[in-house]
Amino acid sequence: MSGTKNGGHSGADDPFEEGGTSLLRQPKAVWATAGASVVAFMGIGLVDPILPSIARGLHATNSQVSLLFTSYFLITAVAMLVTGFVSSRIGGRKTLLAGLALVVVFAALSGMSGSVAELVGFRAGWGLGNALFVSTSLAVIVGAATGGSSAAILLYESALGLGMACGPLLGAVLGDMKWRYPFFGTAALMAIGFLAITAFLKEQPKPAARTSLLAPVKALGHGGLAATAVSAFFYNYAFFTVLAFTPFVLNMSPYKSGGVFFAWGVLLAVFSVIVAPRLQHRFGSLKVLCASLLLLAADLLVLGYGDHTTAIVCTVLSGAFIGLNNTVFTELALGVSDAPRPVASAGYNFVRWFAAAAAPFLAPKIEEWTDVHLPFVVAAGAAVTGTVIVAVRRRALTTEAEERAPQHATEDGVTAFAR
């Protein structure tokens, strides 16, 4: 493939070559789905600024409160086997509405929790709803958008970045009044999204073939996809150590913590949507991925052993490396095998989200057993392990990715959930 290196982009695949007009002139259905997507991704980082407040309000330990992430992502991982099965049978619109309805119900119940055990359980239900919605929403946007799939994916990625950045802000503003309010706020916003999609989105055509429950697992039999998923598993352990454990280390007010993670989210969005494609085009995907993983590992070590100000700077800076890694891992997962894109994405996510469930629980436990530094050492080691897997399996990751990555990057229906 001319003009690429190691699975990098060709210039023709740069989403920013789409005209600004085609990006903004979209049907109401696209804007309704994109708006609900912003709120869906806000829910991931929503609890970050209020984790210490929840711990105090429910008389819980840090490790108990961190189970809010563990239950959420454990259900999300398992749901990856279900979302394609469901959407291929009832259609995209009904799957979106089912996911939104579950989020509305379980977010509201989370705000009414009387114990940390109840809150953890309700977050699990929230995770199921979010999985159904987010894994289907980009497919719907691509199907309904005008101006080509490249413009649609760029719009979705922008919604993703905005949601990841604004989630901590919403959590800070509402959580400063009471830790329960961010959950009620999310329920209200998702209810608005439910009404908007009901009003503006028509049913999308169902896939020609139905997806089986085991199709994502079978797809992992491809060596390149399996290597991508396992490497991303270790990377996600590092990612969610930052997201779920760092708020306890910083121990700041909701407003200050929300500001830190807002800056983190802005860097994540900028490097994912704008910087990553340019670096991939110049250096190649695997070189960018390995360098970014190693830089994330170094950042985590400095975060763990630095003073409070250094920890804040390193937390924000990690957003840049996380944004780069998210983009490259997504495209590798979609381009490295011959499995249908939704199936490959589901198999990849099925593996990697287990790390997102493990890190929030293990990091505070490691602190309890040792000290506050070691969780970051373990996370840095996980990022290095991900790098080693990419380097060792380089041939399997590039042979087919070089042929498929660009077209997958612009045609996939569920790509962005991998981010």
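Colleague: In which helix is the place of L169?

Modeller: L169 sits in helix α7, residues 149–175; helices are DSSP runs of H or I with at least four residues, numbered from the N terminus. This is a predicted model, in which local features need pLDDT of at least 70, side-chain atom pairs count only at pLDDT 80 or more, and totals for chains, interfaces and linings use all residues. Residues are numbered from 1 along each chain as its sequence is written, and side-chain values use heavy atoms, leaving out hydrogens and water.

Colleague: Why is L169 called partly exposed?

Modeller: Because its relative accessible area is 32%, and buried means under 20%, exposed over 50%, partly exposed in between (1.4 Å probe, protein chains only).

Colleague: What makes the nonpolar surface patch?

Modeller: L169, F262, V266, V270 and I274 make a patch of about 330 Å². Helix α11 (residues 254–283) gives the most to the patch, with four residues.

Colleague: Which residues have the most contacts inside the largest nonpolar core?

Modeller: I54, F73, F183, I197 and W264, in a core of 119 residues. A nonpolar core is a set of buried Ala, Val, Leu, Ile, Met, Phe, Trp, Tyr and Cys residues joined through side-chain atoms within 4.5 Å. Helix α10 (residues 223–250) gives the most to this core, with 15 residues.

Terms used:
Helix = DSSP H or I, 4+ residues; strand = E, 2+ residues; numbered from the N terminus. Patch = residues over 30% accessible without salt bridge, like charges linked within 9 Å, V, L, I, M, F, W, Y side chains within 5 Å. Areas by Shrake-Rupley, 256 points an atom, 1.4 Å probe, with all protein chains shown as cover. Salt bridge = Lys/Arg side-chain N within 4 Å of Asp/Glu carboxyl O.
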